[in-house]
Amino acid sequence: MNEQLLAAVSQYGAPALFGIVAIAAIGAPLPITLLLIVAGSMISQGAMSLWWAIGAAGAGSILGDQAGYAIGRWGGPRLVTRLSGLFGKRANLQAMEAKAKAWGGPGIFITRWLLSPLGPWINLASGTAGYPWHRFLFWDALGEITGAAVFISLGWVFSDRVMALSAVLGDLTWAVAALLAAIVLGYRLLAFLRRPRVP
Amino acid sequence: MGETWRRTLAVGLAFVLAILGTFVFAYRAGRQARHMRKADEPIHGWMTVPFIAHAHHVPASVLFEAIGVRPQAPQDRRSVRQIARDLKRPVLELIDQLQRAVDTAEHPPGGQPR
């Protein structure tokens with residue numbers, strides 16, 4: 001499946017990139033970082049235009065994210081439950097909803113590119129939590145265009161090392177996710193330890 | 001009281017795991033980044049011949065010649081898998097041939113490596 005998607009981007013360029021990132025933004029687990037790096041490499045080979053690639057990747061992701069948000073906001077509890085069942089458990093969606101409320105705009109921004117596996121959840125949770133649409137659109141567009149520009153530029157610079165670069169970025173994403181988890185858990189641990197003890 | 005301590009212990013363990021994960025993944029990323037320039041880029045079925053040529057700094061014409069294909073003008077963007085389908089040949093055989101052509105171009109027998 002992944003091989004076919006990568007072949008489609010290599011063969012058809014920006015239109016294929018647009019379609020694939022839109023589907024991934026709704027929640028399909030697709031190798032988007034690798035696709036963006038490959039697009040960057042193709043730009044350096046003269047097989048794709050930089051602005052077309054950033055535009056297609058940005059627009060596709062924003063479209064997919066908006067669809068996720070709209071489902072959360074107006075899709076009704078039945079559809080949301082079915083979709084959240086597709087992604088995981090309903091309890092997970094409720095936890096994400098609480099996170100979407102707490103993190104706000106910066107949370108939306110960071111889950112567009114740095115913690116992108118959480119993106120589809122945050123879209124759905126922002127919708128169900130009633131996060132204002134114009135703010136969601138602003139942070140979403142900012143994050144998606146930043147992500148597309150960063151990964152495509154990296155692919156352009158390291159155009160002859162796409163697989164190695166993808167492996168580095170994969171590990172780096174997990175390192176950042178683990179660090180954020182450590183910070184959150186550290187705060188919780190401190191709160192537990194500082195709580196006054198009942199004799 | 002017991003319940004609180006169990007929760008504290010669980011959060012503490014998760015915290016230690018998260019710290020461990022941070023170091024392990026950061027170390028792996030750093031090590032891979034250091035070796036990135038030297039690492040050999042593997043050939044996959046989704047890659048196009050010009051893409052492989054670019055990754056290995058070998059002229060695309062050399063690779064097309066090695067697999068006995070006349071490239072479609074101006075830039076043949078068929079994947080290796082697609083070419084294998086067109087030629088009715090196993091994709092692994094084509095990848096093997098391409099890899100040998102890359103190795104020969106990078107280290108020509110009795111010559112200077114590219």
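How far apart do the C-alpha centres of domain 1 of chain B and domain 2 of chain B lie?

Modeller: Keep in mind that this is a predicted model. The C-alpha centres of domain 1 of chain B and domain 2 of chain B are 42 Å apart. According to the domain assignment, domain 1 of chain B runs over 1–39, while domain 2 of chain B covers 49–106.

Helix H4 of chain B spans residues 80–87 and helix H5 of chain B spans residues 91–106. Their axes sit 9 Å apart, and the two pack at an angle of about 115°. If you look at the way they cross, H4(B) goes past H5(B) in a right-handed crossing. On the H4(B) side, the residues in this contact are Val80(B), Arg81(B), Ile83(B) and Ala84(B). Facing them from H5(B) are Val91(B), Leu94(B), Ile95(B) and Leu98(B). Sorted by class, the contact of H4(B) with H5(B) has seven nonpolar residues, one charged residue and no polar ones.

Now pick out Ile95(B), which belongs to helix H5 of chain B. Is Ile95(B) buried or exposed? Ile95(B) counts as buried, because 20 other C-beta atoms lie within 10 Å of its own and the cut-off for buried is 20 or more. Leaving aside residues up to four places away in sequence, Ile95(B) touches Ile43(B), Gly45(B) and Val80(B). Take Gly45(B) from that group: 50 residues separate Ile95(B) and Gly45(B) in sequence, yet their C-alpha atoms are 7.3 Å apart in space.

Next, move to the other end of chain B, where helix H1 of chain B (residues 2–34) packs against H9(A). The angle there is about 155°, with the axes 7 Å apart. So H9(A) is roughly antiparallel to H1(B), since the angle goes over the 145 degrees that label calls for. H9(A) passes H1(B) in a left-handed crossing. This helix pair brings together 22 nonpolar, six polar and four charged residues.

Step back to the whole contact between the chains. Chain A puts in 29 residues and chain B puts in 36 residues. In chain A, helix H1 (2–12) and helix H9 (162–194) each provide at least two residues of the side that touches chain B. H9(A) gives the most to that side, with 18 residues. As for class, the side of chain A that touches chain B has 18 nonpolar, six polar and five charged residues.

What about the rest of chain A? Chain A has nine helices and zero strands. Out of its 199 residues, 47% count as buried. If you take the contacts in chain A with a separation of 6 or more, 79% of them join residues 24 or more positions apart.

Glu97(A) is buried, because it has 22 other C-beta atoms within 10 Å. With residues up to four places away in sequence left out, Glu97(A) touches Ala125(A), Thr128(A) and Ala129(A).

Note on methods:
Residues numbered from 1 in each chain as written. Chains lettered and ligands numbered in written order. Predicted model: local features only at pLDDT ≥ 70, side-chain atom pairs only at ≥ 80, totals over all residues. Axes fitted to C-alpha atoms, helices over the stretch in contact; angles between N-to-C directions. Helix = DSSP H or I, 4+ residues; strand = E, 2+ residues; numbered from the N terminus. Left-handed = near helix turned anticlockwise from the far one by under 90°. Contact = placed C-beta atoms within 7 Å. Nonpolar A, V, L, I, M, F, W, Y, C, P; charged D, E, K, R; others polar. Domains from an automatic or database assignment. Buried ≥ 20, exposed ≤ 12 C-beta atoms within 10 Å, placed from the backbone. Parallel < 35°, antiparallel > 145°, perpendicular 65-115°, else oblique.
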